[in-house]
Amino acid sequence: MIILLLLIPLSVMLLGVAIWAFVWAVRKGQFDDLDTPALDILVDTDELPPRVRKEPGDAP
Amino acid sequence: MNAVGAVAVAAGPRVEAVSATCFHCAEALPPSPARLFIGGTERLFCCAGCAAAAQWIRDARLDDYYALRTAPAVRVTDDDADLAVWDSEEVLAEHARPIAGGLELTLLTDGMRCAACAWLIDRGLTREPGVLEVTANAITGRIRIAWDPACTSLSRPLHRLLALGYRPYLATGAARERARRSERNRWLLRLGIAGLGAMQAMMFAEALFFGEASAGVGAMSVPMRDFLRWITFLVATPVVFYSGWPFLSGARNELRERRAGMDTLVATSTLLAYGASVVETVRGGPHVWYDAAVMFVFLLLAARMLEQRVRNLASAQVDAIARARPTFAVRERADGSRECVRAGALAAGDIVCVAAGEAVPVDGMLIGDDACFEESLLTGEAQPLRKTAGAAVFAGTVCREQPARVLATVVGQGTRLSQLAALVERAQAHRPPLAQAADRIAGWFVLGLAIVAACVFLAWRAHEPARAFEVTLALLVISCPCALSLSVPAALAAANGALARMGVLPVRADALDRLARTTDVVFDKTGTLSSGVPQLLEVSARDGFDRAHALRIACALERDSRHPLAAAFVDADIQCMLHARTVTTVAGSGIEGDIDGVRWRLGQASFACVGHDDGALWLGDGTRAVARFVMGECTREEAPDAIAALRAQGLQVHLSSGDAAEAVARCARRLDLTQAHGRQTPEAKLDYVRSLQREGRVVAMVGDGLNDAPVLAGADVSLAIGDGAALAQRAADLVLAAPSLLRVPAAIALARRARAVIRQNLAWAIGYNLLALPLAAAGLVTPWLAAIGMTLSSLAVTLNALRLARATQKVRA
C-alpha cells in the first residue's frame, strides 16, 4: 500500500498538468471556433502555394 | 448538411436549370456568361464580379473552397465601395485596439453562409501583405482581423474581402463582444476545472468507499484513509470555490435581497456537503462527501453552460442582422463635393447621398430625382415604393435601383425606426413575469428543509446524541434538492439545444414554457404565410400573339434588371433564348429594350401600350398591347401543411395582416382559414391579440416585419421568421433560422414534450425527496448511501431531460 503514497501525488500532479493545458488552450482561443478548423484536415497544405497560378484556356 | 439538402430539393423540379446557374453564386446566367477554367472544367459565371472572385480563389489555390462549401456563395457585386473611411483616424481610434505588432478590429459581414466561407476568408485575407492574423466565425458572422498599420492600411485587405463578395460592416459594441467572449472563456475554464476535479475526486471517493466497505481483512488503515481525504480536499476545494463561484455569488445576491432561490439551494447543499466533509476530515469522522459536492457543481455547471451557449448563439445571429442600420453615410458638402462620415455625425439639414442597395441612415425628404425605397424593415412589405422629390424617406429603408439624395430632417433617436424600437421595448416591459414559480418553490423548499433538519437534529440529540450529527447530515444530503434544481435547467437546456438543431433559435429563456401553453397562433400574412417573392399568376396574350413568345420576350427584358419583379420571370422561365439589347429602365414605368429589331416595352399599361393602368404588367411596343401579366405573391409551399399540423395539435389559427382586405381574403381562401383580418395597423393587431388574451387564450404570434414588433412583444410568445427584418427578431422570443413554417408546429410539439419532461422531473425529484426524507429522519440511511441516492436521482433527472435531444435526432433522421 505504501506505493500509493507515490502514485497519488503523481496523479495529482498529472491533474495539475491537465488543468494547466486546459487553461492554456482556453486562453489561446482554441475553443473560440469549433467549425472552421474542422475543414483544414480536408485540404492539403504541404507547402506554401504560389500566389498566382495560371491555367490554360482562360477566357480573356 | 441541411443547406445541401435544401439546395438539392430546391433544384429538384428544374434540373436542367442547374447547369445554367453561376458556378460561384448559383444565380441565373445572362445570355453571354463569363467563362473560366476551375479544376480543369470550364465553369460559367453570372457576372464579372463572380468570375473575378473565382479566378482569384483559383489562382490562390483556394479552390478547395468550392468542394468544401455546403451553400452557394453570395453574388459578388462589382460596385466599388468607398472603403477609405475604414482608414480614418476616428474609426481606428474608436474600434481598433492595439495588439503586439499592430492593431486588431472586429467586423461583421453578411455573406458567410457556411464554415467554408470562414475558411476562405481566413486563408484569403492572411495572404494579404501586412495582415497578421484573421479569424472568421461563420456562425456569428464576425471576422477578427489583426494587421500591421506600418505595412498596410486596413482598406486593402477589406478590398480583398469585398472582391470575394463579403461586404464589411463595423461590428458595433466591440467591447460587449469582447466581454461576451471572455465571459464564455471563464465559464469554459470553470467547467473544465470542475470536470477534471470531479473525475479525480470521484476516483479517490471510490477508493474510500471500498476501504469502508471491506471492514475486515483488506480494510484501509486510518492514516491512508486520512491521506486520501486530504488529497480529495485539495482537489475539491478549487472546484467548489472557483467553479462553483457563480452559484455562491448568486446565493449571496439572493440572500442580500432576502429571498431564497435556486442559487441559494445549490450553494447551501454544496457548502454543506463540502463543509461537513472538511469537519469529518479534521476530526477523522466516519465519512466524507467531497464527491457529492464536486459532482453537483460539475453537473449543474454543464447544464447551465449548455443552456447559455444556445441562447448566446441565438442572440449572436440576431446581432449580426442588426447591421441594417448603416454605420457610415455620405454627406454632401455645400460645394457639392462628398465626404464619408459616421452615421452618428449627421445632423438635421445635412444632405445625405444614398447609393443604390444601401440603407438610408436618417429620416428625411427626398430631393432631386425620383427613387425607389424598399421599406420592408418598417412595413414588412417587400415591394419597393417609388417616391418623388419632396416625399418622406425613413431611416432603415433600402434605396433601390438608383442613388438618391435625402435632406435629413430627423436623425439618431428621433427617427421612426428608433421610435418603433422604443415601442417594442415598452411592449416588452409590459409582459407579466412568469418564470418565478420554480424559484418560489425552491424558496419554500429550502426553508422547510431547514426547519425539518433542525427538528430532526433536536429529536436525535434527545434520543441518541452520538448519532445526531450523522443523521442530520444524511438527511440534508439525501434530500439535497439537487434533482429539483437540476430538473428544470437540464430539461430547458436539452430542449433549447434540440430547438436550435431544428433551426429554431430561442432568444429568451422562458419562451419554451409559454410556447407549450399556446392555444392560438396568429399569422401575419406578409412574408410569413407568403414567400414575399412576386410570382407570375396569370399570362394572357392579346391580338392572337403567341403566349409563350410573349413570355420569352418579357423574360429577356427582365433578366438583366435587378427589379424585384424580374425574379418572377426568371423563375417562370423554361427556355429563354432571346437576347435583349440596349435594355433601359424607365423609372416608375417599366423597362424597354430591342429584341429582333423590335423595341419592346414592359411595364404599366400607360407605358407599354398607351392603355389604362390596372395594376397588371403589360407587354407592348409602345402603342399596341400583346400580353398582360398578373403578378401576385405566392403562399409558401409548406404553409398548408404547417397550418394542418397546427390544427392537428388542437390550435386555432388566425390571420391578421396589414395587407388589403381582398388580398388577405384570397390568401385565407387558399389556406382555408376562417379567422382572417385584413388592413390591420400594428395597433389593431395588438388589440386583436389582447382581446384573445382577455378570453383566456394563450397567443403565439408569427411575424417578420418591424410593424409586427409591438404585436410580437405583446403576444404571449412570438416567433420571427429568420429572413425577415432585423428588429422584429429582437422583439421575438424565438427566431426561425430556417425559413420554413413547418418549424412552428415542430417547435410547439417539442415545447409540449419539454413541458412534460419538466413535470416528470419535478414529480420525480419531489417524490424522491418525500420518500427519502422520512427514511433519513428515521436514521435508516447512512450518509454515504444518501450521497449515492442523491447522485442517482440527479442522474435520472438529467438522463430524462436528454431524451428530448435524442427524440429530435430521431425525427430528423
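1. A helix crossing is left-handed if the near helix is turned anticlockwise from the far one by less than a right angle, and right-handed if clockwise. By that rule, the crossing of α5(B) and α6(B) is right-handed. The structure discussed here is a predicted model.

2. Now the geometry of that helix pair. Helix α5 of chain B spans residues 115-126, and helix α6 of chain B spans residues 155-163. Their axes come within 10 Å and cross at roughly 140 degrees. Angles over 145 degrees would count as roughly antiparallel. α5(B) and α6(B) are therefore oblique to each other.

3. Which residues make the contact between α5(B) and α6(B)? From α5(B) come B:Ile121, B:Gly124 and B:Leu125. From α6(B) come B:Pro157, B:Arg160 and B:Leu161. By class, the contact has four nonpolar residues, one polar and one charged. Gly counts as polar and Arg as charged in this scheme.

4. Next, a sheet in chain B. Three strands form an open sheet in the order β13-β12-β15, with antiparallel pairing. β13 (385-387) and β15 (398-400) stand at the edges. Each has a single partner strand, so one side of each is left without a neighbour in the sheet. Direction ignored, neighbouring strands of this sheet are turned by 40 degrees against each other on average.

5. Look at the pairing of β12(B) with β13(B). Strand β12 covers residues 371-374 of chain B, and three bridges join it to β13(B). The two run antiparallel. B:Cys372 stands opposite B:Arg386 in β13(B).

6. Is B:Phe373 buried or exposed? It has 24 C-beta neighbours inside 10 Å, so B:Phe373 counts as buried; the cut-off for buried is 20 or more. Leaving aside neighbours within four places in sequence, B:Phe373 is in contact with B:Pro384, B:Leu385, B:Lys387, B:Val393, B:Thr397, B:Val398, B:Cys399 and B:Arg400. Take B:Val393 from that list. B:Phe373 and B:Val393 are 20 residues apart along the chain, and their C-alpha atoms are separated by 8.0 Å.

7. Further along chain B, look at strand β23, residues 617-620. Both of its faces are covered. B:Leu617 and B:Leu619 are on one side, B:Trp618 and B:Gly620 on the other, and all are buried. Strand β22 of chain B (residues 598-603) pairs with β23(B) in the antiparallel sense, over three bridges. B:Leu619, in β23(B), is the bridge partner of B:Leu602.

8. Two loop residues of chain B are worth checking for phi. B:Arg61 is not a glycine, yet has a positive phi of about 60 degrees. B:Arg61 is found in the loop between α2 (48-59) and α3 (64-68) of chain B. With 17 C-beta neighbours inside 10 Å, B:Arg61 counts as partly exposed.

9. The other is B:Asp672. Its phi is near 60 degrees, a positive value in a residue other than glycine. B:Asp672 lies in the loop between α23 (661-671) and β26 (675-677) of chain B. Is B:Asp672 buried or exposed? It has 11 other C-beta atoms within 10 Å, so B:Asp672 is exposed. The cut-off for exposed is 12 or fewer.

10. Last, chain A. How many helices and strands does chain A have? Chain A has two helices and zero strands. Of the 60 residues in chain A, buried residues make up 5%.

Notes:
Residues numbered from 1 in each chain as written. Chains lettered and ligands numbered in written order. Predicted model: local features only at pLDDT ≥ 70, side-chain atom pairs only at ≥ 80, totals over all residues. Helix = DSSP H or I, 4+ residues; strand = E, 2+ residues; numbered from the N terminus. Pairing = 2+ DSSP bridges. Axes fitted to C-alpha atoms, helices over the stretch in contact; angles between N-to-C directions. Parallel < 35°, antiparallel > 145°, perpendicular 65-115°, else oblique. Contact = placed C-beta atoms within 7 Å.
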